[in-house]
Protein chains: 2
Amino acid sequence: MNAVFKALADPTRRKVLELLRQGPMTAGELSDRFPVSRPTMSAHFTILREAGLVATHKDGKSVVYRLQLSVLEDALLSFGQLFGIGGTAPAPREGSST
Amino acid sequence: MNAVFKALADPTRRKVLELLRQGPMTAGELSDRFPVSRPTMSAHFTILREAGLVATHKDGKSVVYRLQLSVLEDALLSFGQLFGIGGTAPAPREGSST
DNA sequence: ATGATATTTAGCTAAATGTCTAAATGAGTC
DNA sequence: GACTCATTTAGACATTTAGCTAAATATCAT
């Protein structure tokens, strides 16, 4: 949980998550959307990955990043619930098991 | 919004907000719950106040901190809504606003 | 005015963070 | 194998952060 909030503290990383919401993207595609170097973006990706907010797989030469929505959801909802925020109607989100 | 997420990145500060959920407390009462010095706590309070997450008033010798639930709520819900998380049921909230 | 209590400000250190360039690694292609 | 493209690692640097102690400020009581 701490790692998630640490990861969310940086605007670049929050933006990465937003972009990924529309579907998986390669490291390069993501990097092209930001005014910082690729190594810098790579460091941000590492932090997001270690927080569990994104997952990766290789596709040929590229590394594809994909949003782990359930992790973001868990963190936001469970923290919010400590304050009675939003917890009443848990969204029946995209295909998880159950 | 960035200030709110920055403020939430530290576990001490998140815990302060949780304690404040049960009602207003003085700086000293809050500090007594944490294993760090009062000046350090004071710095955390400043960050929370600048993010708008807490408000203060003086009461005699003491400074009373109170949670600004609506600010936390706005940040969490509006960020969550970018991802379709939880946002469908808008806060049916209790008392204190503004 | 003095003294006691509560909190913040000042000044410092050590560690973490975000950024860069240059070099290394991995994966296809010729 | 050698080349090229995509990404990450290494190393350096500046800034920010969280923590401390000591001192300043503010309020109340005597």
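Guide: With a definition: a crossing is left-handed if the near helix is turned anticlockwise from the far one by less than a right angle, and right-handed if clockwise. Keep in mind that this is a predicted model.

Visitor: Which hand does the crossing of α5(A) and α5(B) have?

Guide: The crossing of these two helices, α5(A) and α5(B), is left-handed. On the side of α5(A), the residues that make the contact are A:Leu72, A:Leu76, A:Phe79 and A:Gly80. On the side of α5(B), they are B:Leu72, B:Leu76, B:Phe79 and B:Gly80. Sorted by class, the contact of α5(A) with α5(B) has six nonpolar residues, two polar ones and no charged ones.

Visitor: At what angle do the axes of the two α5 helices cross, and within what distance do they come?

Guide: Helix α5 spans residues 69-81 in chain A and residues 69-81 in chain B; the two axes cross at roughly 160 degrees and come within 11 Å. Angles over 145 degrees count as roughly antiparallel. Therefore α5(A) is roughly antiparallel to α5(B).

Visitor: How are chain A and chain B related by rotation?

Guide: The general idea is to superpose one copy on the other and read the rotation and the shift along its axis. Here a rotation of 180 degrees, with 0.0 Å of shift along its axis, superposes chain A on chain B with an RMSD of 0.0 Å. The two copies are thus related as by a two-fold rotation axis. As for the interface, 93% of the interface residues of chain A are also interface residues in chain B, so the copies meet through the same surface.

Visitor: Now the strands. What is their order in the sheet of chain B?

Guide: In chain B the order is β1-β3-β2, in an open sheet of three strands with antiparallel pairing. Its edge strands are β1 (25-26) and β2 (54-59), each of which pairs on one side only. Six bridges join β2(B) to β3(B), residues 62-67, and B:Val54 stands opposite B:Leu67 in β3(B). Helix α4 of chain B, residues 38-50, lies across β2 and β3 of that chain and runs at about 120 degrees to β2(B).

Visitor: How many bridges join β1 to β3 in chain A?

Guide: Two bridges join β1(A), residues 25-26, to β3(A), residues 62-67, and the strands run antiparallel. A:Thr26 stands opposite A:Val64. β2(A), residues 54-59, pairs with β3(A) over six bridges, also in the antiparallel sense, with A:Thr56 opposite A:Tyr65.

Visitor: Which residue takes a positive phi in the hairpin of β2(A) and β3(A)?

Guide: A:Gly60 does, with phi near 65 degrees; the hairpin has two residues between the strands.

Conventions
Residues are numbered from 1 along each chain as its sequence is written. Chains are lettered from A and ligands numbered from 1 in the order in which they are written. This is a predicted model: local features need pLDDT of at least 70, side-chain atom pairs count only at pLDDT 80 or more; totals for chains, interfaces and linings use all residues. Side-chain values use heavy atoms; hydrogens and water are left out. Axes are lines fitted to C-alpha atoms, for helices over the stretch in contact, and angles run from 0 to 180 degrees between N-to-C directions. Helices (H or I, at least four residues) and strands (E, at least two) are DSSP runs, numbered from the N terminus. Angles under 35 degrees count as roughly parallel, over 145 as roughly antiparallel, 65 to 115 as roughly perpendicular and the rest as oblique. Contact means heavy atoms within 4.5 Å. Ala, Val, Leu, Ile, Met, Phe, Trp, Tyr, Cys and Pro count as nonpolar, Asp, Glu, Lys and Arg as charged, and the others, Gly among them, as polar. Two strands pair if DSSP finds at least two bridges between them. Copies are superposed by least squares on the C-alpha atoms of residues with pLDDT of at least 70 in both.
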